Amino acid sequence: MIVLGVILLVIGFVTGISILWTIGIILAVVGLILWILGGMGHAFGGRRHYW
């Protein structure tokens with residue numbers, strides 16, 4: 001999710017399409033939050049592990 005957000009940020013910045021920029025920021029932030037929660041050992045989405 002983080003990688004997709006960064007890709008959309010770059011594409012949105014290069015092409016000047018603001019909706020891609022906005023979606024990229026949202027995906028990157030949500031991905032970072034989930035990554036931090038997963039690293040702290042908290043279950044999210046009903047799963048204790050990613051597998």
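Reader: What makes the length of helix 2 agree with its 22 residues?
Author: At 1.5 Å a residue, helix 2 should span 32 Å. Its end C-alpha atoms are 31 Å apart, which agrees. Bear in mind that this is a predicted model.

Reader: Which residues of helix 2 are buried?
Author: They are Gly24, Leu27, Ala28 and Gly31.
Reader: How do you know on which side of helix 2 they lie?
Author: They cover an arc of only 105 degrees around the axis, which puts them on the same side of helix 2.
Reader: What does the face turned away from that buried side carry?
Author: It carries the exposed residues Ser18, Ile19 and Ile36. The cut-off for exposed is over 50% relative accessible area.
Reader: What covers the buried residues of helix 2?
Author: The cover includes helix 1.

Reader: Which residues of helix 1 are buried?
Author: Gly5, Leu8, Leu9 and Gly12. They cover an arc of only 105 degrees around the axis, which puts them on the same side of helix 1.
Reader: Which residues are exposed on the other side of helix 1?
Author: Val3 and Val14 are exposed there.
Reader: What covers the buried residues of helix 1?
Author: Helix 2, residues 18-39, is included in the cover.

Reader: Why are helix 1 and helix 2 called roughly antiparallel?
Author: Their axes cross at roughly 160 degrees. Angles over 145 degrees count as roughly antiparallel. The two helices are therefore roughly antiparallel to each other.
Reader: Within what distance do the two axes come?
Author: Within 7 Å.
Reader: Is the crossing left-handed or right-handed?
Author: Helix 1 passes helix 2 in a left-handed crossing.
Reader: Which residues meet between the two helices?
Author: From helix 1, they include Ile2, Leu4, Gly5, Leu8, Leu9 and Gly12. From helix 2, they include Leu20, Trp21, Gly24, Leu27, Ala28, Gly31 and Trp35.

Reader: Why does Gly24 count as buried?
Author: Buried means under 20% relative accessible area. Gly24 has 0% relative accessibility, so Gly24 counts as buried. Gly24 is in helix 2.
Reader: Which residues does Gly24 touch, not counting those up to four places away in sequence?
Author: Gly5, Leu8 and Leu9.
Reader: How many residues separate Gly24 and Met1 in sequence?
Author: They are 23 residues apart in sequence. In space they are 9.4 Å apart, C-alpha to C-alpha.

Reader: What makes Leu9 count as buried?
Author: Leu9, in helix 1, has 19% relative accessibility. The cut-off is under 20%. Leu9 therefore counts as buried.
Reader: Which residues does Leu9 touch, not counting residues up to four places away in sequence?
Author: Leu20, Trp21, Gly24 and Ile25. Leu9 and Ile26 are 17 residues apart in sequence and 9.8 Å apart in space, C-alpha to C-alpha.

Reader: How do you know whether Gly12 is buried or exposed?
Author: The relative accessible area of Gly12 is 5%. Buried means under 20%. Gly12, a residue of helix 1, is therefore buried.
Reader: With which residues is Gly12 in contact, leaving aside its neighbours within four places in sequence?
Author: Ile17, Leu20 and Trp21. As for Ile23, 11 residues in sequence separate it from Gly12, and the two are 9.1 Å apart in space, C-alpha to C-alpha.

Reader: Why is Leu4 called partly exposed?
Author: Leu4 lies in helix 1. Its relative accessibility is 47%. Buried is under 20%, exposed is over 50%, and partly exposed is in between. Leu4 therefore counts as partly exposed.
Reader: How many Å apart in space are Leu4 and Ala28?
Author: They are 7.6 Å apart, C-alpha to C-alpha, and 24 residues apart in sequence.

Note on methods. Residues numbered from 1 in each chain as written. Predicted model: local features only at pLDDT ≥ 70, side-chain atom pairs only at ≥ 80, totals over all residues. Heavy atoms only, no water. Buried < 20%, exposed > 50% of the residue type's maximum accessible area, 1.4 Å probe, protein only. Helix = DSSP H or I, 4+ residues; strand = E, 2+ residues; numbered from the N terminus. Arc of directions from axis to C-beta. Contact = heavy atoms within 4.5 Å. Axes fitted to C-alpha atoms, helices over the stretch in contact; angles between N-to-C directions. Parallel < 35°, antiparallel > 145°, perpendicular 65-115°, else oblique. Left-handed = near helix turned anticlockwise from the far one by under 90°. Expected span 1.5 Å × (residues − 1).
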